[in-house]
Amino acid sequence: MKNYLITIFNSPEAEKTWENLTPEQMQASMAKYMAYSERLRNEGRLLAGEGLSMNGHTIQGTGADQHVTDGPHILAKELVGGFYFITAENLNEALAIARDCPGLAHGATVEVREQMDYGQ
Amino acid sequence: MDTPNFRTEHGKITAHLVRKFGPNHLDDILDATQDAFITAHQSWPHHGTPKNPTGWLITTAERRLIDQLRHKIRLEALDSDLPTSEAKGPDELHLFFLLCSPKLSYQDQICLMLRTLGGLNSAEIARLFHQSEEAIQRRISRAKSKLNPADLTTQPTAESINAILKTLYLLFTEGYETARGPDHIRPDLARQALILIAQLALLTQEEFPEVHALKALIHFNISRFPARITTDNQPVFLADQDPAQYDQHQIQLGFQSLEQAFQTTYITQYHLEAGLAAAISRNAPAEEILSWHEQLVNAFPSPNARLSHAIALGTAHSPEAALTQLATLTDLIASPYYHAALGFFQAKNNQPDAAGESYRRAIGLSMSQPVKTALKERLTNIHSSKIQARRKT
């Protein structure tokens, strides 16, 4: 078994679609997210998972050259909305799981990264 | 813990925030409410539904709102915006009366109520008013800018009750028979209308009998929900419904409200519609249903009332009677239901070709996917009975 980080990125366009969802649509997507997390938990593969606030700061440099900027979006247009850290047999299985991520239906981009194995 | 109903929550959160922060911030309040639901998506799947979801959503929305407002103004200035007078009853009713400000037109009031308490977006409101989405957006933002806490009314007036009832009627109608899209009924909308009318009835007590009339109407119509769709979500038209499936508890509640509604010296459209809905729910004889339709069409000859009356005439008397009446309703030829009714009675009157043509027109005009499907089924039935008739001869 290996560990994989599934990261959900929301583009500004995806953020916009969220703003216009009706309560029923949000209720439906919530049900999908709840079921997805439930499934990962039941399969015993969920190591960690969290949503991230859209507020944040970016830090660059050290000492006198250090800058702290408002907002997490200074480096990329897309914001990380949340992540799942899971175990899977191999990359193919991890990809298959990530392809079911409910965020995709709202225009999110989902990234799958394998935890580096340093052989230590 | 189950996820709560988001539409009901939407109304509660908005109403709570308006009561606390004042109507001047309505834009930010609506944003913060939406934001609370989005934040719930990021938290609940990982931590489960909170023990008190309403409290969680309200706190989240409130924090978000304060953040937004801090960006705009210094927080101390907020206090001066707080409404000083306290309306009786739940937050939702407070917001209702607030939105009935005499500075706003009747239609402005209804749009704002549908947007905030009904949780409808501008596209959905635009459909109800047969206007463009842009026009509704402009209307809503204009109306919001006219709101002022100083105009706050704490006492329900006949005018404010009138606007509130119209809003709940529209909200319920959209839930009862969705005009467009994949669903035939939207129980969430209907339930939200029921919750709000029940709160209003509790607050106003005996003062406005029409409140009880609309409440009765909603109960009776909800009682038929189980019979109005099949298990795979397809519509069942009234003639094909099984009265045994009607919800008896809702019917009982309907009659309780109806009794209160008729302790009055005046009769509104809601009274007559509730009387009619009661007759349908208890599966009354066709003649009795027809007499309610006659009263309605005489007092309030709306297009819908005239069409329903013609249909009731056909059910109580004969297909010819319905067809003769329908022929006079020439202003309804843009309505899919008009052509569906024509097709239904033409088929009964042994005019399969005319019936087929009417059903095809109805299908072409209908914007509701489930209704289209149900009409196509009727069309197929005509064809197959035609083939059978030919085989017999």
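Reader: How are helix 1 of chain B and helix 4 of chain B oriented to each other?

Author: Keep in mind that this is a predicted model. The axes of helix 1 (residues 6–21) and helix 4 (residues 91–99) of chain B come within 8 Å and cross at roughly 65°. Angles of 65 to 115 degrees count as roughly perpendicular. Helix 1 of chain B and helix 4 of chain B are therefore roughly perpendicular.

Reader: Which classes of residue make the contact of helix 1 of chain B with helix 4 of chain B?

Author: Helix 1 of chain B brings residues including B:Gly11, B:Ala15 and B:Arg19, while helix 4 of chain B brings B:Asp91 and B:Leu98, among others. Sorted by class, the contact has four nonpolar, four polar and four charged residues.

Reader: Is helix 17 of chain B largely enclosed by the rest of the structure, or is it exposed?

Author: Let's look along the helix: among its buried residues are B:Tyr338, B:Leu342, B:Phe344 and B:Phe345. Eleven of its 13 residues are buried, so helix 17 of chain B is largely enclosed by the rest of the structure.

Reader: How far apart are the end C-alpha atoms of helix 17 of chain B?

Author: Helix 17 of chain B covers residues 336–348, and at 1.5 Å a residue its 13 residues should span 18 Å. The computed distance agrees with that: the end C-alpha atoms are 19 Å apart.

Reader: What order do the elements of chain A run in?

Author: Start with the pieces: chain A has three helices and six strands. From the N terminus on, they run β-α-α-β-β-β-β-α-β.

Methods
Residues are numbered from 1 along each chain as its sequence is written. Chains are lettered from A and ligands numbered from 1 in the order in which they are written. This is a predicted model: local features need pLDDT of at least 70, side-chain atom pairs count only at pLDDT 80 or more; totals for chains, interfaces and linings use all residues. Axes are lines fitted to C-alpha atoms, for helices over the stretch in contact, and angles run from 0 to 180 degrees between N-to-C directions. Helices (H or I, at least four residues) and strands (E, at least two) are DSSP runs, numbered from the N terminus. Angles under 35 degrees count as roughly parallel, over 145 as roughly antiparallel, 65 to 115 as roughly perpendicular and the rest as oblique. Two residues are in contact if their C-beta atoms, placed from the backbone, lie within 7 Å. Ala, Val, Leu, Ile, Met, Phe, Trp, Tyr, Cys and Pro count as nonpolar, Asp, Glu, Lys and Arg as charged, and the others, Gly among them, as polar. The expected span of a helix is 1.5 Å times one less than its number of residues. A residue is buried if 20 or more other C-beta atoms lie within 10 Å of its own, exposed if 12 or fewer, and partly exposed in between; C-beta atoms are placed from the backbone.
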